[in-house]
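Q: I'm new to reading protein models. Could you walk me through this one, feature by feature?
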Amino acid sequence: MTAGGTAGGATPGFARGRRLRSTPAMRRWTAQTRLSPADFVLPVFVKQDIADPVPISSMPGVVQHTLDSLRKAAAEAAEAGISGLMLFGIPAEKDAVGSQADAADGIVNVALQQLRADLGDELVLMADLCLCEYTDHGHCGVLTPAGVVDNDPTLDRYTAVAIAQAQAGAHVIAPSGMMDGQVAAIRAGLDSTAFTETPILAYAAKYASGFYGPFREAAEGAPQFGDRSTYQMDPPNADEALREVAQDLAEGADAVMVKPALPYLDIVARVADAVDVPVSAYQVSGEYAMIEAAAANGWIDRQRAILETLTGIRRAGAGSVLTYWAVEAARWLR
Ligand code: PBG
(Lines give C-alpha, C1' and ligand atoms only; values in the text may rest on other atoms or scores of the structure.)
Protein backbone atom coordinates (compact mmCIF):
# COMPACT_ATOMS: atom_id res chain seq x y z
CA MET A 1 0.00 0.00 0.00
CA THR A 2 1.30 3.46 -0.82
CA ALA A 3 1.55 6.32 1.67
CA GLY A 4 -1.74 8.15 1.86
CA GLY A 5 -3.56 5.11 0.55
CA THR A 6 -6.61 3.48 1.94
CA ALA A 7 -5.26 2.48 5.36
CA GLY A 8 -8.03 2.32 7.91
CA GLY A 9 -10.55 1.23 5.36
CA ALA A 10 -11.60 4.67 4.13
CA THR A 11 -13.01 4.63 0.64
CA PRO A 12 -10.58 6.07 -1.93
CA GLY A 13 -11.64 9.35 -3.41
CA PHE A 14 -13.69 10.46 -0.43
CA ALA A 15 -12.87 13.31 1.92
CA ARG A 16 -10.95 12.11 4.93
CA GLY A 17 -10.52 13.92 8.22
CA ARG A 18 -6.84 13.14 8.53
CA ARG A 19 -5.81 14.91 5.30
CA LEU A 20 -6.41 18.24 6.95
CA ARG A 21 -4.71 17.37 10.26
CA SER A 22 -1.30 16.36 9.01
CA THR A 23 0.87 19.28 10.16
CA PRO A 24 0.64 22.11 12.69
CA ALA A 25 0.34 24.58 9.82
CA MET A 26 -2.48 22.56 8.31
CA ARG A 27 -4.29 22.48 11.64
CA ARG A 28 -3.79 26.19 12.12
CA TRP A 29 -5.19 26.83 8.64
CA THR A 30 -8.31 24.80 9.33
CA ALA A 31 -8.96 25.90 12.95
CA GLN A 32 -12.55 27.00 13.31
CA THR A 33 -12.11 28.61 16.72
CA ARG A 34 -9.19 30.91 17.48
CA LEU A 35 -8.28 32.48 20.77
CA SER A 36 -6.88 35.94 21.15
CA PRO A 37 -6.08 38.17 24.14
CA ALA A 38 -9.16 40.31 23.46
CA ASP A 39 -11.36 37.31 24.27
CA PHE A 40 -10.50 37.55 27.94
CA VAL A 41 -11.66 39.51 30.97
CA LEU A 42 -9.80 39.14 34.27
CA PRO A 43 -11.75 39.04 37.54
CA VAL A 44 -9.83 40.84 40.32
CA PHE A 45 -10.27 41.18 44.07
CA VAL A 46 -9.31 44.31 45.99
CA LYS A 47 -9.39 44.36 49.78
CA GLN A 48 -9.52 47.32 52.10
CA ASP A 49 -6.85 47.93 54.76
CA ILE A 50 -4.26 45.33 53.85
CA ALA A 51 -0.59 46.21 53.54
CA ASP A 52 0.37 43.45 51.09
CA PRO A 53 -1.50 41.25 48.63
CA VAL A 54 -3.03 38.19 50.32
CA PRO A 55 -2.72 34.88 48.43
CA ILE A 56 -5.90 32.81 48.13
CA SER A 57 -4.95 29.29 49.13
CA SER A 58 -7.63 27.56 47.07
CA MET A 59 -6.70 29.60 43.97
CA PRO A 60 -2.90 29.36 43.62
CA GLY A 61 -1.64 32.41 41.75
CA VAL A 62 -4.66 34.59 42.60
CA VAL A 63 -4.53 37.22 45.35
CA GLN A 64 -6.64 39.73 47.16
CA HIS A 65 -5.04 42.95 45.96
CA THR A 66 -4.10 46.12 47.76
CA LEU A 67 -5.03 49.26 45.86
CA ASP A 68 -1.42 49.55 44.70
CA SER A 69 -0.97 45.94 43.63
CA LEU A 70 -4.28 46.16 41.76
CA ARG A 71 -3.04 49.16 39.79
CA LYS A 72 0.07 47.23 38.84
CA ALA A 73 -1.94 44.16 37.85
CA ALA A 74 -4.28 46.33 35.77
CA ALA A 75 -1.37 47.87 33.91
CA GLU A 76 -0.04 44.38 33.17
CA ALA A 77 -3.47 43.28 31.98
CA ALA A 78 -3.63 46.22 29.58
CA GLU A 79 -0.12 45.40 28.37
CA ALA A 80 -1.15 41.77 27.75
CA GLY A 81 -3.97 42.96 25.52
CA ILE A 82 -6.99 41.54 27.35
CA SER A 83 -10.32 43.35 27.06
CA GLY A 84 -11.22 44.18 30.60
CA LEU A 85 -11.33 43.64 34.34
CA MET A 86 -14.23 42.52 36.53
CA LEU A 87 -13.82 44.13 39.95
CA PHE A 88 -14.81 42.67 43.30
CA GLY A 89 -14.29 44.64 46.52
CA ILE A 90 -13.83 43.31 50.03
CA PRO A 91 -14.58 45.95 52.67
CA ALA A 92 -13.06 46.06 56.15
CA GLU A 93 -16.49 46.47 57.74
CA LYS A 94 -19.62 44.55 56.76
CA ASP A 95 -23.19 45.23 57.85
CA ALA A 96 -26.72 43.97 57.21
CA VAL A 97 -27.34 46.11 54.11
CA GLY A 98 -23.84 46.14 52.61
CA SER A 99 -23.28 49.88 53.07
CA GLN A 100 -19.71 49.77 51.79
CA ALA A 101 -20.86 48.72 48.32
CA ASP A 102 -22.11 52.19 47.49
CA ALA A 103 -20.05 54.31 49.89
CA ALA A 104 -18.10 56.82 47.79
CA ASP A 105 -14.99 55.88 49.79
CA GLY A 106 -15.83 52.16 49.70
CA ILE A 107 -12.96 50.01 48.52
CA VAL A 108 -14.35 49.04 45.14
CA ASN A 109 -15.34 52.59 44.30
CA VAL A 110 -11.93 53.96 45.26
CA ALA A 111 -10.31 51.23 43.16
CA LEU A 112 -12.51 52.12 40.18
CA GLN A 113 -11.59 55.78 40.48
CA GLN A 114 -7.88 55.00 40.57
CA LEU A 115 -7.98 52.53 37.69
CA ARG A 116 -10.02 54.90 35.56
CA ALA A 117 -7.52 57.67 36.29
CA ASP A 118 -4.58 55.38 35.47
CA LEU A 119 -5.96 53.67 32.39
CA GLY A 120 -8.67 55.92 30.99
CA ASP A 121 -10.56 53.80 28.48
CA GLU A 122 -7.74 51.36 27.74
CA LEU A 123 -9.50 48.46 29.49
CA VAL A 124 -13.21 47.95 29.99
CA LEU A 125 -13.66 48.35 33.74
CA MET A 126 -16.55 46.16 34.82
CA ALA A 127 -18.00 46.37 38.30
CA ASP A 128 -19.54 43.22 39.73
CA LEU A 129 -22.70 44.39 41.44
CA CYS A 130 -23.73 42.24 44.36
CA LEU A 131 -24.01 42.59 48.11
CA CYS A 132 -22.57 39.27 49.31
CA GLU A 133 -19.05 40.62 49.80
CA TYR A 134 -20.48 43.56 51.76
CA THR A 135 -23.13 42.03 54.01
CA ASP A 136 -22.32 40.50 57.40
CA HIS A 137 -24.68 37.60 56.67
CA GLY A 138 -23.08 36.91 53.27
CA HIS A 139 -26.28 36.83 51.23
CA CYS A 140 -26.61 38.70 47.97
CA GLY A 141 -29.41 40.96 49.21
CA VAL A 142 -31.01 42.41 52.30
CA LEU A 143 -33.03 40.05 54.50
CA THR A 144 -36.56 39.96 55.83
CA PRO A 145 -36.88 39.60 59.63
CA ALA A 146 -37.34 35.88 58.96
CA GLY A 147 -33.95 35.76 57.27
CA VAL A 148 -35.06 35.35 53.65
CA VAL A 149 -33.52 37.50 50.91
CA ASP A 150 -36.02 40.28 50.29
CA ASN A 151 -36.22 40.91 46.53
CA ASP A 152 -37.58 44.43 46.15
CA PRO A 153 -35.72 46.23 48.94
CA THR A 154 -32.60 44.60 47.51
CA LEU A 155 -33.35 46.24 44.14
CA ASP A 156 -33.20 49.66 45.82
CA ARG A 157 -29.78 48.79 47.19
CA TYR A 158 -28.56 47.52 43.79
CA THR A 159 -29.72 50.74 42.13
CA ALA A 160 -27.75 52.84 44.60
CA VAL A 161 -24.68 50.64 44.13
CA ALA A 162 -24.91 50.84 40.33
CA ILE A 163 -24.98 54.62 40.43
CA ALA A 164 -22.05 54.74 42.85
CA GLN A 165 -20.01 52.38 40.65
CA ALA A 166 -20.78 54.36 37.51
CA GLN A 167 -19.87 57.57 39.30
CA ALA A 168 -16.58 56.00 40.38
CA GLY A 169 -15.67 55.23 36.78
CA ALA A 170 -17.02 51.79 35.93
CA HIS A 171 -17.54 51.37 32.17
CA VAL A 172 -19.92 48.43 32.63
CA ILE A 173 -22.23 47.46 35.49
CA ALA A 174 -22.54 43.71 35.97
CA PRO A 175 -25.31 42.67 38.36
CA SER A 176 -24.68 39.16 39.68
CA GLY A 177 -27.21 38.84 42.50
CA MET A 178 -29.99 37.07 40.56
CA MET A 179 -32.82 39.16 42.04
CA ASP A 180 -35.92 39.41 39.87
CA GLY A 181 -36.14 42.78 38.16
CA GLN A 182 -32.55 43.77 38.91
CA VAL A 183 -31.71 44.86 35.38
CA ALA A 184 -34.79 47.07 35.03
CA ALA A 185 -34.15 48.69 38.42
CA ILE A 186 -30.49 49.38 37.66
CA ARG A 187 -31.24 50.66 34.15
CA ALA A 188 -33.82 53.08 35.55
CA GLY A 189 -31.34 54.27 38.17
CA LEU A 190 -28.55 54.79 35.66
CA ASP A 191 -30.90 56.57 33.25
CA SER A 192 -32.19 58.90 35.95
CA THR A 193 -28.62 60.00 36.71
CA ALA A 194 -25.96 60.90 34.17
CA PHE A 195 -25.34 57.33 33.06
CA THR A 196 -27.63 56.57 30.14
CA GLU A 197 -24.54 55.45 28.18
CA THR A 198 -23.33 52.93 30.77
CA PRO A 199 -24.11 49.37 29.60
CA ILE A 200 -25.32 46.50 31.76
CA LEU A 201 -23.74 43.07 31.47
CA ALA A 202 -26.27 40.82 33.18
CA TYR A 203 -25.19 37.66 34.92
CA ALA A 204 -28.38 36.33 33.33
CA ALA A 205 -27.99 32.57 33.70
CA LYS A 206 -26.14 32.11 36.95
CA TYR A 207 -26.43 28.69 38.53
CA ALA A 208 -26.28 27.77 42.21
CA SER A 209 -22.94 26.04 41.80
CA GLY A 210 -20.50 24.05 43.87
CA PHE A 211 -17.78 25.56 41.71
CA TYR A 212 -17.96 28.92 43.51
CA GLY A 213 -16.26 27.48 46.61
CA PRO A 214 -12.80 29.03 46.20
CA PHE A 215 -14.32 32.40 45.26
CA ARG A 216 -15.95 32.57 48.65
CA GLU A 217 -12.50 32.48 50.23
CA ALA A 218 -11.32 35.13 47.77
CA ALA A 219 -14.26 37.48 48.22
CA GLU A 220 -15.05 36.53 51.82
CA GLY A 221 -18.71 36.31 50.89
CA ALA A 222 -19.83 32.86 52.00
CA PRO A 223 -23.43 32.81 53.23
CA GLN A 224 -23.42 32.56 57.03
CA PHE A 225 -26.55 30.40 56.91
CA GLY A 226 -28.40 28.56 54.17
CA ASP A 227 -27.27 28.78 50.56
CA ARG A 228 -28.15 30.66 47.38
CA SER A 229 -30.53 28.10 45.91
CA THR A 230 -33.57 30.34 46.27
CA TYR A 231 -32.16 32.98 43.94
CA GLN A 232 -29.52 31.33 41.77
CA MET A 233 -30.62 28.84 39.12
CA ASP A 234 -31.03 25.13 39.65
CA PRO A 235 -28.42 23.08 37.72
CA PRO A 236 -30.92 20.69 36.06
CA ASN A 237 -32.71 23.53 34.26
CA ALA A 238 -31.86 24.68 30.75
CA ASP A 239 -35.02 26.25 29.30
CA GLU A 240 -35.16 28.49 32.35
CA ALA A 241 -31.81 29.96 31.36
CA LEU A 242 -33.31 31.15 28.10
CA ARG A 243 -36.20 32.66 30.04
CA GLU A 244 -33.82 34.46 32.40
CA VAL A 245 -31.83 35.77 29.45
CA ALA A 246 -34.96 36.94 27.60
CA GLN A 247 -36.19 38.64 30.76
CA ASP A 248 -32.90 40.47 31.30
CA LEU A 249 -32.83 41.62 27.67
CA ALA A 250 -36.43 42.83 27.95
CA GLU A 251 -35.40 44.79 31.05
CA GLY A 252 -32.59 46.47 29.15
CA ALA A 253 -29.48 44.30 29.48
CA ASP A 254 -26.90 45.12 26.80
CA ALA A 255 -24.95 41.88 27.14
CA VAL A 256 -25.49 38.61 28.99
CA MET A 257 -23.42 36.07 30.84
CA VAL A 258 -23.62 32.36 31.59
CA LYS A 259 -21.92 31.13 34.75
CA PRO A 260 -20.17 28.76 35.47
CA ALA A 261 -18.76 27.88 32.04
CA LEU A 262 -17.53 24.31 31.68
CA PRO A 263 -20.45 22.41 33.26
CA TYR A 264 -22.87 24.67 31.33
CA LEU A 265 -21.52 24.71 27.78
CA ASP A 266 -24.91 23.55 26.51
CA ILE A 267 -26.39 26.69 28.04
CA VAL A 268 -23.66 28.85 26.50
CA ALA A 269 -24.46 27.35 23.10
CA ARG A 270 -28.20 27.75 23.42
CA VAL A 271 -27.95 31.32 24.68
CA ALA A 272 -25.49 32.24 21.92
CA ASP A 273 -27.92 30.84 19.34
CA ALA A 274 -30.89 32.62 20.85
CA VAL A 275 -29.64 36.18 21.28
CA ASP A 276 -28.00 38.85 19.18
CA VAL A 277 -26.14 40.62 21.99
CA PRO A 278 -22.63 39.79 23.24
CA VAL A 279 -22.48 36.58 25.29
CA SER A 280 -19.88 36.08 28.02
CA ALA A 281 -19.13 32.96 30.00
CA TYR A 282 -17.49 32.99 33.44
CA GLN A 283 -14.92 30.28 34.04
CA VAL A 284 -15.32 30.34 37.80
CA SER A 285 -13.02 29.79 40.74
CA GLY A 286 -13.69 26.05 41.08
CA GLU A 287 -12.93 25.49 37.40
CA TYR A 288 -9.64 27.28 37.98
CA ALA A 289 -8.86 25.38 41.17
CA MET A 290 -9.51 21.98 39.60
CA ILE A 291 -6.97 22.46 36.84
CA GLU A 292 -4.42 24.10 39.13
CA ALA A 293 -4.70 21.24 41.62
CA ALA A 294 -4.42 18.54 38.97
CA ALA A 295 -1.48 20.32 37.37
CA ALA A 296 0.28 20.77 40.72
CA ASN A 297 0.04 17.00 41.19
CA GLY A 298 1.50 16.38 37.75
CA TRP A 299 -1.76 14.79 36.63
CA ILE A 300 -2.49 17.10 33.75
CA ASP A 301 -0.60 19.30 31.27
CA ARG A 302 -1.51 22.67 32.72
CA GLN A 303 -1.13 24.96 29.70
CA ARG A 304 -2.72 22.48 27.35
CA ALA A 305 -5.70 21.93 29.65
CA ILE A 306 -6.22 25.65 30.20
CA LEU A 307 -6.16 26.46 26.50
CA GLU A 308 -8.44 23.52 25.75
CA THR A 309 -11.06 24.78 28.22
CA LEU A 310 -10.85 28.32 26.87
CA THR A 311 -11.19 27.04 23.32
CA GLY A 312 -14.16 24.92 24.33
CA ILE A 313 -15.94 27.86 25.91
CA ARG A 314 -15.37 29.99 22.82
CA ARG A 315 -16.37 27.10 20.52
CA ALA A 316 -19.63 26.73 22.45
CA GLY A 317 -20.43 30.29 21.44
CA ALA A 318 -19.15 32.66 24.10
CA GLY A 319 -17.69 35.80 22.57
CA SER A 320 -15.84 36.64 25.75
CA VAL A 321 -14.53 34.58 28.67
CA LEU A 322 -14.04 35.76 32.22
CA THR A 323 -11.09 33.74 33.47
CA TYR A 324 -8.50 34.00 36.23
CA TRP A 325 -5.96 32.91 33.60
CA ALA A 326 -6.77 35.89 31.36
CA VAL A 327 -3.37 37.56 31.48
CA GLU A 328 -1.30 34.39 31.41
CA ALA A 329 -3.32 32.94 28.53
CA ALA A 330 -3.11 36.23 26.64
CA ARG A 331 0.68 36.10 26.92
CA TRP A 332 0.77 32.56 25.58
CA LEU A 333 -1.23 33.64 22.56
CA ARG A 334 0.97 36.52 21.54
C1 PBG B 1 -21.33 37.07 43.85
C2 PBG B 1 -20.49 36.27 42.94
C3 PBG B 1 -20.03 34.95 43.08
C4 PBG B 1 -19.18 34.70 42.01
C5 PBG B 1 -19.14 35.86 41.24
N6 PBG B 1 -19.98 36.80 41.82
C7 PBG B 1 -20.25 33.98 44.15
C8 PBG B 1 -21.58 33.46 44.45
O9 PBG B 1 -22.56 33.71 43.75
O10 PBG B 1 -21.67 32.76 45.46
C11 PBG B 1 -18.40 33.44 41.78
C12 PBG B 1 -17.19 33.58 40.93
C13 PBG B 1 -16.24 32.47 41.02
O14 PBG B 1 -16.50 31.41 41.63
O15 PBG B 1 -15.15 32.59 40.43
N16 PBG B 1 -22.68 36.95 43.76
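Q: How do the residues of the shell around the ligand divide into nonpolar, polar and charged?
A: Sort them by residue type: Ala, Val, Leu, Ile, Met, Phe, Trp, Tyr, Cys and Pro are nonpolar, Asp, Glu, Lys and Arg are charged, and the others, Gly among them, are polar. Here the shell has 10 nonpolar, 3 polar and 5 charged residues. Keep in mind that this is a predicted model, where local features need pLDDT of at least 70, side-chain atom pairs count only at pLDDT 80 or more, and totals for chains, interfaces and linings use all residues. Residues are numbered from 1 along each chain as its sequence is written, and side-chain values use heavy atoms, with hydrogens and water left out.

Q: Which residues come nearest to the ligand?
A: A residue is near a molecule if one of its heavy atoms lies within 4 Å of it. Of the 18 residues around this ligand, R216, Q232, K259, S285 and Y324 come nearest.

Q: Which polar side-chain atom lies 2.7 Å from an oxygen atom of the ligand?
A: For a polar contact, look for a pair of N or O atoms within 3.5 Å (within protein, one must be able to donate a hydrogen and the other to accept it, and residues adjacent in sequence count only if both atoms are side-chain atoms). The one you want belongs to S285. R228 also has a polar side-chain atom 2.8 Å from a ligand oxygen, and an N or O atom in the side chain of S176 is 3.4 Å from a ligand nitrogen. As for cover, the ligand taken alone exposes 400 Å², and the protein buries 100% of that (Shrake-Rupley method, 1.4 Å probe).

Q: What about backbone angles: what do most residues and peptide bonds do?
A: Most residues other than glycine have a negative phi, and most peptide bonds are trans. Now look at K259 and P260, which are joined by a cis peptide bond with omega about -10°. P260 sits in the loop between β8 (255-259) and α8 (265-274); helices (H or I, at least four residues) and strands (E, at least two) are DSSP runs, numbered from the N terminus.
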